[in-house]
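Please read these points with the structure open beside you.

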Amino acid sequence: MNTNRIAHVAALVGEPARTAMLLALMDGRALTARELADVARVTPATASRHLGLMVEASLLRVERQGRHRYHRLASTEVARVLEGVMQLAAPASTPAQRRMVVGPRDVALRTARTCYDHLAGRLGVAIAGHLQDVGAVVFDGEAAAGHVTDAAAPALQRLGLPPEAARDDGRGRRLHCRPCLDWSERRMHLAGRLGALICHHCLESGWLLRGQGTRALTFSPRGEMVLRDWMGTARWQEVCAGG
């Protein structure tokens, strides 16, 4: 491993304006240079230089649509690194503090949000907890690994996903199922291809709604009913617990 390369990537991520741009892309969307300049509170010319450096370092990739150029995170690996840094940057509790609020203070972000392309916050943790409750998913937290069981297909079908959603075909570099330590809850939510499938399904079904310029998600009335019935009252109460 090239130590100079590691230091270079760390320096890119560590510059405040670039950090702001990267975090703005953690909901999986692609944004223009102008939008990212506004997020970082820098001029378009400065934003362009920052973006060029991050594209060159494979932190971002550019997608062209007509005359427009959009930037998004280059891979799930980049999102995982950013989530890890966010966890390290959150303040740790001390004996003098009985209850330390970690992660985002925004109640909406703590309730439900996207973590790149999968679900996080209390909703994400509750979904992972339910799948473990019914034996559909098994996590090895220490190894940051997970796998699905034979109980996964019926559990996912009850949410409206096809049986093949539970199948790990072993193709590609991305793990099918893995735990991801939640930034605000400090418990595991579900990532990997399966986590992305569940997130996409909830959004496409209209159960979860994106907000403008935020990673926070809100529930539609139908979504509240479907998700509560699927995961059970006890787990749903965890989602609605507040603060």
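1. Arginine 41 is exposed, its relative accessible area being 78%. The residue sits in the loop that links helix 3 (33-40) to helix 4 (44-56). Although arginine 41 is not a glycine, its phi is positive, at about 60 degrees.

2. Is tyrosine 116 buried or exposed? At 11% relative accessibility it counts as buried, because the cut-off for buried is under 20%. Tyrosine 116 belongs to the loop between strand 4 (113-115) and strand 5 (118-120).

3. The model is predicted. Its mean pLDDT is 86, and 88% of the residues score at least 70. Among the elements, helix 5 (residues 76-89) has the lowest mean pLDDT, 82, while helix 10 (residues 221-231) has the highest, 97.

4. Residues 93-103 need a caveat, as their pLDDT is below 50. In the model this stretch makes 15 contacts beyond near neighbours in sequence. Where pLDDT is low, the predicted coordinates should not be read in detail.

5. On overall make-up, the protein has 11 helices and 11 strands. Of its 243 residues, 43% count as buried. Taking contacts between residues at least 6 apart in sequence, 58% join residues at least 24 apart.

6. The accessible surface of the protein is about 12,900 Å². Carbon and sulfur atoms account for 53% of that surface.

Methods:
Residues numbered from 1 in each chain as written. Predicted model: local features only at pLDDT ≥ 70, side-chain atom pairs only at ≥ 80, totals over all residues. Heavy atoms only, no water. pLDDT = per-residue confidence, 0-100. Helix = DSSP H or I, 4+ residues; strand = E, 2+ residues; numbered from the N terminus. Contact = heavy atoms within 4.5 Å. Buried < 20%, exposed > 50% of the residue type's maximum accessible area, 1.4 Å probe, protein only. Areas by Shrake-Rupley, 256 points an atom, 1.4 Å probe, with all protein chains shown as cover.
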